[in-house]
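Thank you all for coming.

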Amino acid sequence: MRITEASIQPLRLEMVHPLKTASGTYEAREGFVVRLTDEEGRVGQGEAMPLKEFGTESASECEQALEEYLSNLSTQKTTPLPSGEGRGEGTESTGLNPCLPPLPLGEGWGEGLRATPAARHAIEQSLLDLQAQRQGIPLSELLSPKAREEVQVNALLGAQLPELLAEEARRAVAEGYTTLKIKVAGRPVREDEARLSAVREAVGPAIRLRIDANGGWKESEAILALEALSGYGLELCEQPVAAEDAEALFRLSNHARFPLAADESLAFPELRQVLLDRPGTVGILVLKPMVLGGLLPTLALAREAARRGMDAYVTSSLDGVIARAGAAHLAAALPSGRYASGLGVGHLFRNEPDNHPFRPERGRIAIPRRPGLGVS
Ligand SMILES: O=C(O)CCC(=O)c1ccccc1C(=O)O
Ligand SMILES: [Mg+2]
């Protein structure tokens, strides 16, 4: 594959309402769209939407890394595969669909972009989009021959007050969502209890409710909160305590009466290994491809987790359509589809394009059967 043209376009996503989490309030997101054109005129797209508080580079560091990488593209050894290559080498190292010709992303690709995961995500995604188009298959199938054709998606509820939150939950369920996610912590536990109680009351027992504390509890608070909230039939809690405190996460898992999931902790490579080495404690990983440096490293982590008996699901990091599209293809290719993906965030953005194929319908995204990413 030869790249004949490359562009970087800034992308700013304004939130309709500021989204409050225990780790901060989001009002707008700033990132970039990368477009690569191959010698036959196909265009591959990738998005970088850095989230510094989750361990990625800043927007300016990201832009610099993208510019540097793309300006060197003609001399890189990253995309030189001529079309019509034989099968075999190259696929094993990336763990991709073994029936396919090797990717232009051989072993060691992207090492130079390790410190800038969002930039790495964008470039890798645009190359994967091109490669899947060249092979005439959806990106999900490039990632796994066993990819599912649709993914379940959770609704992310943003309201603070119990009555408003219950109303939002009712609306999401009426739209067809069966998994709802609620941000907790950063307020007295009894307030979160009132919020969850109102939601459970509103939606009934069959809807899955997951909570996300974004590391906002101290261990002692988390013990009390998880106990107080255990009567509401919760599916799981993301990141109850600070990202760095893997030991507290282990101790809490032994206490908690419902599963805990690690999210922010996965931004630390050494903690990823610690969590993988002690499966059965935190049984679920929340995978953000933007934070983990791309779709391929994220898939590799999910496969490693599955080998150790852990489950995993994909979420966006409040990304634009292109990154969410990539994440949806990835979610379809994960070893397990048991947990809904966190990709239902489009309605939170003011400038969300309408009518793109990755808008969830009745709580699910049907992966487009078109070659590549499927975003025009
Ligand atoms: O999971 C979702 O529904 C949306 C993703 C989400 O909640 C999120 C978005 C940006 C930053 C952090 C998080 C998070 O899961 O903690
Ligand atoms: Mg989370």
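At what angle do helix α5 and α6 pack, and how far apart are their axes? Please keep in mind that what you see is a predicted model. Helix α5, residues 162–175, packs with α6 at an angle of about 35 degrees, and the two axes are 8 Å apart. The crossing in which α5 passes α6 is right-handed.

If you look at the residues that make this contact, α5 brings P162, E163, L165, A166, A169, R170 and V173, and these meet A194, R195, A198, V199, E201, A202 and V203 in α6. Sorted by class, the contact of α5 with α6 has 10 nonpolar residues and four charged ones, with no polar residues.

Helix α6, residues 189–203, and helix α7, residues 219–228, have axes that come within 10 Å and cross at roughly 25 degrees. An angle under 35 degrees counts as roughly parallel, and therefore α6 is described as roughly parallel to α7. Here, too, the passage of α6 by α7 is a right-handed crossing. On the α6 side the contact is made by V189, D192 and E193, while α7 supplies L224, A225 and A228. By class, the contact of α6 with α7 has four nonpolar and two charged residues, and no polar ones.

Now please turn to another pair, α1 and α3. The axes of helix α1, residues 59–71, and α3 come within 8 Å and cross at roughly 40 degrees, which means that α1 is oblique to α3. As α1 passes α3, the crossing is right-handed. The residues that meet are C62, A65, L66 and Y69 in α1 and A118, A119, A122 and I123 in α3. The class count for the contact of α1 with α3 is eight nonpolar residues, with no polar and no charged residues.

According to the domain assignment, the chain has domain 1, covering 3–136, and domain 2, covering 150–366. The centres of the two domains, taken over C-alpha atoms, are separated by 24 Å. In the contact between them, domain 1 takes part with 35 residues and domain 2 with 34 residues.

Which elements give two or more residues to the side of domain 1 that touches domain 2? They are β1 (3–21), β2 (24–38), β3 (43–48) and α3 (117–135), so to speak of α3 again is to return to the helix that α1 crosses at roughly 40 degrees. The largest share of that side, nine residues, comes from β1. Taken by class, the side of domain 1 that touches domain 2 has 15 nonpolar, 13 polar and seven charged residues.

Finally, there is the ligand. Ligand 1 is surrounded by 14 residues, of which the closest are L156, T315, S317, L318 and G342. The shell around ligand 1 divides into four nonpolar, six polar and four charged residues.

Note on methods: Residues are numbered from 1 along each chain as its sequence is written. Chains are lettered from A and ligands numbered from 1 in the order in which they are written. This is a predicted model: local features need pLDDT of at least 70, side-chain atom pairs count only at pLDDT 80 or more; totals for chains, interfaces and linings use all residues. Domain bounds come from an automatic or database domain assignment. Two residues are in contact if their C-beta atoms, placed from the backbone, lie within 7 Å. Helices (H or I, at least four residues) and strands (E, at least two) are DSSP runs, numbered from the N terminus. Ala, Val, Leu, Ile, Met, Phe, Trp, Tyr, Cys and Pro count as nonpolar, Asp, Glu, Lys and Arg as charged, and the others, Gly among them, as polar. A residue is near a molecule or strand if its C-beta atom, placed from the backbone, lies within 6 Å of it. Axes are lines fitted to C-alpha atoms, for helices over the stretch in contact, and angles run from 0 to 180 degrees between N-to-C directions. Angles under 35 degrees count as roughly parallel, over 145 as roughly antiparallel, 65 to 115 as roughly perpendicular and the rest as oblique. A crossing is left-handed if the near helix is turned anticlockwise from the far one by less than a right angle, and right-handed if clockwise.
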